[in-house]
Amino acid sequence: MKTRLVSSLERCFLDSNIESFEELKQDTIFKNQIYSFQLLVAAEDLKGMYRMYRFKPVIESEINEYITIKEVVPLPCEMPAPHNHDDGVERIKPGLFPELLRPMKYDGNMNIVPNQARGIHFTVDPKGEIFGEFNIKIKVYRVTYEEGLKATDEVLGEQTLKLTIKDASLPESDLKVTQWFYADCLADYYNVPVFSEKHWEFCENFIKKAVKGGRNMLLTPLLTYSLDTHHFGERTTTQLVDIYKIGNDYKFNFDKLARWLDMAKRCGVKYYEISHLFTQWGAQHAPKVVAIVDNKEQVIFDWNTDSISEEYITFVRALLKNFIKFMKDRGEDKKCYFHISDEPEKEHFERYKEIYNRLKDILKNYPIMDAISDYSFYEQGLISHPVPATLSIEPFIKNNVKNLMAYYCGNHTNGVSNSHFSMPLARTRYLGVQLFKYDIKGFLHWGYNFYNNQWSYDHINPYLATDSEGFVPGGDNCMVYPAPDGTAYESNRYYALYEAFEDLRALKLCAKLYSFEETIKAVEEITGEILFDKCVCDSGTMLKIRRKINQKIFDKLNK
């Protein structure tokens, strides 16, 4: 058996030659960051091993309790990349992609087919508690199974990482990060009633995982999501507000919302992203709204409702006034970011403007953030915190837009960073450098746990339909997977994006210790000019950037 320590940014496919990856021997980190690396194993065509070979990786280190080990599991993907992909991709043919990080099974043993390669993922989380120089030795033992799976004393491979944990901390992130969390998808996947005790438990598990990975803003379904829903269709109701319609008046109960906010605070959420008040792609209609009318629950607004009808605008105004008062009473109204409609285009400008004008007296002191690529929406004062796609962000940067955020999704591939199965993980991680260069205040991505197909006609099995049945390139729909116990399994892309946010923290610390200009110069000496449509696509260069920034920080701190 062959073994090799490599960066967590490497994708080891079943047919990879592990000796082609750059070997990882040592690294240096801060004491308040999570560090990832991989052990790759390759089984030769061993005599008599017609089926599979079993082995057990064992960690030997004085910091064992701070290290987590997981198996890198390949998942199938029919569409790893969109048809218009650029050259910065690894593999575009359908197949099995190293993706899922699953806790070890078989009592910590692993299986491998002869002539194949597998990855084992390790994370070191010092939790701000430990620092110093540590050797992390990993031994791979042969396992027999004549009398059940049992590790022998035979060592098949041994690798050691020298890890230096500095007595220094990265500053707290000031980047607002949201990756849309879908409470309905958890209820649907696990087949539990919405807002049942099990559903609350599962939601909390997934939100905790999001926050651990650097996501600090939570999509909050004041009303049921109007996102990715086919015309006259509907998603599972997850409306957090109980609404009572009495004649032409409305009363609101925010008890479920209060529980949601309390849960979010326990998980470490800092900002609440209030779900869209109008339908996606043009704000033409109302989302599904359920209310109690004459002691019976019924849908009072939906696709049949014109978004600018007097009745619906009256309702939205009443909802917003009561909601903002409720949040003020909690002392949390300034944590709220509002949506009107997702991704309106130029042809929707007048309708969007009319809606804004009907609500601006209520929302004038609160940020409105919508995914938008037409600069005129911001120029006309309709969106205070525009979120353009990285493909379309140049006019916003050129005009020095304040509070600028950014997003990517779907077929955004022409030079820009994204998190598809087909893309090198270094390209996903490079986003942090781009966000730093252009002083981007927030990042949005639509797919934290979207387990539906296109327009939510049906629910999917995310382990099998990793492209949501051809809706999006593989991986665009989710970063985490539903574990049998209601917790969230991570992916290697989850950590690559987390590392992007960590890089941003390091870059900001470096700029504070030196200057913004000197920090940019240090990076561009490696990469050339930092642009949104030009990415680093190899792990060696990405690691070189971070190590150079780290060294500059440590040099200054040691003086």
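Student: Which residue in β14 is the bridge partner of K245?

Tutor: Happy to! In β14, K245 is bridged to Y250. This is a predicted model, in which local features need pLDDT of at least 70 and side-chain atom pairs pLDDT 80 or more, while totals for chains, interfaces and linings use all residues. Numbering runs from 1 along each chain as its sequence is written, and side-chain values use heavy atoms, without hydrogens or water.

That bridge belongs to an antiparallel pairing of β13 (residues 242-246) with β14, made over five bridges (strands are DSSP E runs of at least two residues, helices H or I runs of at least four, numbered from the N terminus; pairing takes at least two bridges). Two residues separate the strands of this hairpin, and G247 has a positive phi near 65° there.

Now for the pockets elsewhere in the model. The largest pocket has 29 lining residues, with E343, C409, G410, N411 and H412 nearest its centre. For the second largest pocket, 14 residues form the lining, and S173, V211, G214, K270 and R505 are the closest to its centre. Both α2 (197-212) and α10 (492-513) supply at least two residues of that lining, and α10 gives the most, with four.

Key
On a 1 Å grid over the protein atoms alone, a cavity is a set of points where a 1.4 Å probe fits but cannot get out, and a pocket is an open set with protein on both sides within 12 Å along at least five of seven lines; lining residues have an atom within 4 Å of a point.
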